[in-house]
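Colleague: I would like to learn how to read a protein model. Could we go through one feature at a time?

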Amino acid sequence: MALLRFFRNGVILGSAEIEEGIPILEIADQAGIEIPRGCTSGNCGTCLVKLIQGEVPIPDPPPPGLDDYLIEDGYILACICVADAACDIETNPPL
């Protein structure tokens, strides 16, 4: 059983089991974790979260809501990214 653990400012909010093919945003919803959202298609960047630990594939090419410098800093879009293994996610968006 692989878990997604969700944090805000380093404090754990909760965790949920990864479901194959289900985006991080939907798993967070099922766990009662609120992540802001807008378009839910990768265009707006509202659901930007930071991957603290683990790996999450980024679509190629990256969606409009995710710039290269954000990817380099470990950010992903919760609405379209799917975790394949256990990950820790910081839900507090960058300033």
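Colleague: How many strands form the sheet, and in what order?

Modeller: First, the terms. Helices (H or I, at least four residues) and strands (E, at least two) are DSSP runs, numbered from the N terminus. Two strands pair if DSSP finds at least two bridges between them. Here five strands make an open sheet, ordered β2-β1-β5-β3-β4, with mixed pairing. β2 (11–17) and β4 (75–77) stand at the edges with a single partner strand each, so one side of each has no neighbour in the sheet. From one strand to the next, the twist averages 35 degrees. Such angles run from 0 to 180 degrees between N-to-C directions, with axes as lines fitted to C-alpha atoms.

Colleague: What should I know about the model itself?

Modeller: It is a predicted model: local features need pLDDT of at least 70, side-chain atom pairs count only at pLDDT 80 or more, and totals for chains, interfaces and linings use all residues. Residues are numbered from 1 along each chain as its sequence is written, and side-chain values use heavy atoms, with hydrogens and water left out.

Colleague: What is the mean pLDDT of the protein chain?

Modeller: pLDDT is the predictor's confidence in each residue, from 0 to 100. The chain has a mean of 94, and 99% of its residues reach 70 or more.

Colleague: Do β1 and β5 run parallel or antiparallel?

Modeller: Parallel, joined by four bridges. Leu4 stands opposite Cys87 in β5.

Colleague: Which residues of the largest nonpolar core touch the most other members?

Modeller: The general idea comes first. In soluble globular proteins, nonpolar side chains tend to be buried together. A nonpolar core is a set of buried Ala, Val, Leu, Ile, Met, Phe, Trp, Tyr and Cys residues joined through side-chain atoms within 4.5 Å. The largest one here has 26 residues, and Leu4, Phe6, Ile24, Ile35, Val56 and Ile89 touch the most other members. The elements giving two or more residues are β1 (3–8), α1 (24–30), β3, β4 and β5. α1 gives the most, with four residues.

Colleague: What does Leu4 touch?

Modeller: Contact means heavy atoms within 4.5 Å. Not counting residues up to four places away in sequence, Leu4 touches several residues, including Ile24, Ile27, Cys87 and Ile89.

Colleague: Where does Val49 lie?

Modeller: Val49 lies in strand β3. Val49 is buried, with a relative accessible area of 0%. Strand β3 (residues 48–53) pairs with β4 in the antiparallel sense, over three bridges. The bridge partner of Val49 in β4 is Ile76. Val49 and Tyr75 are 26 residues apart in sequence, and 5.6 Å apart in space, C-alpha to C-alpha.

Colleague: How many salt bridges does the structure hold?

Modeller: A salt bridge is a side-chain nitrogen of Lys or Arg within 4 Å of a carboxyl oxygen of Asp or Glu. The structure holds two. One joins Asp88 and Arg5 (2.8 Å, N to O). Asp88 lies in strand β5 and Arg5 in strand β1, so the pair ties together parts 83 residues apart in sequence. Asp88 is buried, at 8%, whereas Arg5 is partly exposed, at 34%. Arg37 and Asp29 also meet in a salt bridge (2.7 Å, N to O).

Colleague: Which residues does a cis peptide bond join?

Modeller: Asp60 and Pro61, with omega about 5 degrees. Pro61 sits in the loop between β3 and α2.

Notes:
Buried < 20%, exposed > 50% of the residue type's maximum accessible area, 1.4 Å probe, protein only.
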